[in-house]
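Walk through this fold from its overall layout down to single residues.

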Amino acid sequence: VPDVYVIKSGTTAVNFEEFNEELELKKAAYSYNIKDHPVEYNQMVMDLVRTLSDEIRFLRLAKEKQITVAPEELEQAESEFKKEYPDESFNQLLLQSAVSYSLWKKRFERRLLMDKVIRLELIEKIQVSSDEIIEFYDQEANPELNETELIEKLKQQKVQTQYDQWIRQLSVLYPVELNKDLLKKRV
């Protein structure tokens with residue numbers, strides 16, 4: 001049933017095959033006998049469902065706002081990432097994780113897109129007033145920060161505060177539908 005959705009929102013979906021790939025990837029982080037522990041296994045599957053549901057919401061927002069990752073951006077980001085893994089260590093990483101290059105690249109591109117959505121739709125829209133800067137400066141334990149660093153730290157704090165609320169708004173805007181019959185077969 002590769003074309004049947006497990007999770008979807010609008011026309012954006014995770015089909016059965018993709019869900020199984022993600023599940024196998026997630027299971028690799030657990031002990032090999034996780035299925036022998038139904039409570040932990042079900043919790044792991046439900047965590048995956050929540051993660052994929054949030055990803056689908058980001059992808060829908062990206063589609064709606066016409067936010068994309070250009071092939072050049074992907075290529076450059078991949079090159080930068082691989083610099084952290086000299087020689088054959090990147091391929092060794094994939095082998096150890098039991099992840100195919102195509103799955104890794106798909107996940108990597110999705111992560112880049114999600115990061116871009118967060119940056120464009122949340123981070124860049126955060127405004128910092130001069131009063132907030134002064135108040136933050138008075139509270140900051142590190143007065144050695146320059147103005148740019150201080151503003152950046154304040155913005156980061158505001159992003160963390162607003163992120164959960166923003167995610168809740170996305171879940172209302174983009175409700176997710178679960179194929180419970182297929183999920184029951186996996187749980």
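Eight helices and three strands make up the secondary structure of the protein. Helices (H or I, at least four residues) and strands (E, at least two) are DSSP runs, numbered from the N terminus. Along the sequence the order is β-β-α-α-α-α-α-α-α-β-α.

This is a predicted model, in which local features need pLDDT of at least 70, side-chain atom pairs count only at pLDDT 80 or more, and totals for chains, interfaces and linings use all residues. Residues are numbered from 1 along each chain as its sequence is written, and side-chain values use heavy atoms, with hydrogens and water left out.

Now the overall dimensions. The C-alpha trace spans about 55 × 45 × 35 Å along its principal axes. The radius of gyration of the protein is 20 Å, while a compact globule of 187 residues would have one near 16 Å. That radius is taken over C-alpha atoms, and the globule rule is 2.2 Å times the number of residues to the power 0.38. Of the 187 residues, 33% count as buried. Buried means under 20% relative accessible area, exposed over 50%, and partly exposed in between (1.4 Å probe, protein chains only). The protein exposes about 12,300 Å², with carbon and sulfur atoms supplying 50% of it; the areas come from the Shrake-Rupley method with a 1.4 Å probe.

How do α6 and α7 cross? The axes of α6 (residues 130-139) and α7 (residues 147-173) come within 10 Å and cross at roughly 95°. Axes are lines fitted to C-alpha atoms over the stretch in contact, and angles run from 0 to 180 degrees between N-to-C directions. The two helices are therefore roughly perpendicular to each other, a label for angles of 65 to 115 degrees. From α6, E132, I133, F136 and Y137 meet L150, I151, K153, L154, Q157 and K158 of α7. By class, this contact has six nonpolar, one polar and three charged residues.

Finally, two loop residues. Most residues other than glycine have a negative phi. Q66 has a positive phi, near 55°. Q66 sits in the loop between α2 (38-65) and α3 (71-83). Its relative accessibility is 69%, so Q66 counts as exposed. D87 also has a positive phi, about 55°, and is not a glycine. The loop between α3 and α4 (89-97) holds D87. At 78% relative accessibility, D87 counts as exposed.

Notes:
Angles under 35 degrees count as roughly parallel, over 145 as roughly antiparallel, 65 to 115 as roughly perpendicular and the rest as oblique. Contact means heavy atoms within 4.5 Å. Ala, Val, Leu, Ile, Met, Phe, Trp, Tyr, Cys and Pro count as nonpolar, Asp, Glu, Lys and Arg as charged, and the others, Gly among them, as polar.
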